[in-house]
Amino acid sequence: MIAVVVVLIAAAVGGFLYWKHTQNTAQQASPEQSETQPKKDSGAATPKKKTETKPTKPKVSEVSMTDFRCGSDGTRDKWDWSGGALVSAMVSCADDGYATDGETSSNGSQSGDEGEYSFGLWTPALEKSKVIHVSMLKSGEKEEAAPTVAATYGDDPAVFVIYAVKTKAVGTTPETVHLYAHEVNVEKGTLGKRIDLKTEEDNLIDRDQDYRYAVIGQSDTRVAVQKTWRTTEKFTVNDGESSRDIDHAQIMALTRGKSEATTLQTFQDKGEVVSDSGGYQSIDMTEFEVDGIGVYDTYAVAEQGPKSKTYHLYAIDGDKKLVDVPDTYCGSEYGCGVDRIRRVGDDHWLFDDWMVDATGAATSVASIVGVDEDVDLHLDQFADGTVYVQQNYDQGGNNAKRVFLVDGDLKASEVLDKDRWNRLLLSDGGFQGINYLTGEIYVKTTDEQITVNRKGKAVGSYDELPYAADDDAPDHTHMTWMLFRQSGDNGDVYTVTLGQEPGQSAPDDAEDAG
């Protein structure tokens, strides 16, 4: 059965030059306002990226998102990254002036109870966040699923709104499912023309095909969307008829400025009738599962056959297979699942805590950094691609706490040593994660909250930690901004910065930290 999972991973970028900022904490706008108030910078310098391309020069170094309401719902506590854009939850606007029961909405829909939504949006090309309205229904259509927002990476990401609708049954013509997208004009806050993701070619009149869709990956220019549906196939087995559900998946690409979606790959389950030595027949199924793994320009496909399972990684831009990895990569004959994938250098991927090369062969991170295989490790990644490896304790229960770094050439180094860390942290202290932009490590010692650079030197202190710095973050190696969530009198406030805590000056130079 084809399912969709979301996980995250990496590609290399270099150091950054950040901007000096001269104004104190950005003034928070009222909940009724639909735009945020930025913090201005003066004398900003142009940052550097490893790609040698000059990014858009930001005019601000800090922007706080403001709650807005539409209908009976609001965006409070519901902002997160999609590629390089910060997006709020989709808010239903039923009966909020866009349409009312019995009246016609702005796009011709006859129902005010569905199809009208708004969401908040911020990209690095904006000084303030905006509210984008979505009217997803045309005459004769009804809502199949609420819209989803997806964006590419980059300093001026392309943003798309994606949604599914059904045409209403008319006479003897059944309803059909259709998947559409709009590119957002970020500057104007409006939607472009519909882009058809071509579900109608698979609509059948005799069954509900369980259509679903999900965003599974992004590059600097494209967003990859998976469409899934189900059909039934009949097999003749032992002189009788047997049916099996066949799951289908098609990967489509939405590209900035393009009026049509591009088909990348198509997968479907396959059945084969086989006989044993006694002539008894059965059906061997090969099933495909497409996963969004959060890696820049990459998505994963798991192929489960009768006897083995293989993970395939594909590029979104190049539309080619990158690597095949057997699910026994970690040495277990029973198979090794994978919760997270990261990219390291040009030709290595981290499958959880195993480093996989371009041939599909794997080496444990434990062996790379020189610790026992059964030690529990926590991994993260800095913006330049360096892998952060954190050991919280050893198997013997001695509370050994260590930090290692692994670069793109798979060279490992240790930050301080376990004896120093154990004295600093003892029972009350601990590692608190990393700042992927500045290259700093957050540490709570027995008496302080400090930041430590990658050479093991204490370089400052902290009061607040980045929001979703680990499991829910996008690909750190293609990010130039960081998200913080602060508690306020009227709810949580989401703020993006160039790596500094909200209200503080932006870093002068990434080298100061690392």
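Let's start at Glu501, which is buried, with a relative accessible area of 14%; buried means under 20% relative accessible area, using a 1.4 Å probe and protein chains only. Keep in mind that this is a predicted model, where local features need pLDDT of at least 70, side-chain atom pairs count only at pLDDT 80 or more, and totals for chains, interfaces and linings use all residues. Residues are numbered from 1 along each chain as its sequence is written, and side-chain values use heavy atoms, leaving out hydrogens and water.

Who surrounds Glu501? Not counting residues up to four places away in sequence, Glu501 touches Glu62, Ser461, Tyr462, Asp463, Glu464 and Phe484, where a contact means heavy atoms within 4.5 Å. A polar atom of the Glu501 side chain also lies 2.8 Å from the backbone nitrogen of Asp463.

Now let's turn to the aromatic rings. A search of the whole structure finds 14 aromatic pairs; rings of Phe, Tyr and Trp (its six-membered ring) pair if their centres lie within 6.5 Å, and planes under 30 degrees apart count as stacked, over 60 as edge-to-face and the rest as tilted. One of them joins Phe267 and Tyr314, edge-to-face, at 5.9 Å centre to centre with 70° between the planes. Phe267 lies in strand β17 and Tyr314 in strand β21, so this pair ties together parts that are 47 residues apart in sequence. Strands are DSSP runs (E, at least two residues), numbered from the N terminus. Phe267 is buried, at 8% relative accessibility, and Tyr314 is buried with a relative accessible area of 8%.

Tyr462, which touches Glu501, has a ring partner too: its ring centre is 5.1 Å from that of Tyr442 and the planes are at 75°, so the pair is edge-to-face.

How values were computed:
Buried means under 20% relative accessible area, exposed over 50%, partly exposed in between (1.4 Å probe, protein chains only). A polar contact is a pair of N or O atoms within 3.5 Å; within protein, one must be able to donate a hydrogen and the other to accept it, and residues adjacent in sequence count only if both atoms are side-chain atoms. Helices (H or I, at least four residues) and strands (E, at least two) are DSSP runs, numbered from the N terminus.
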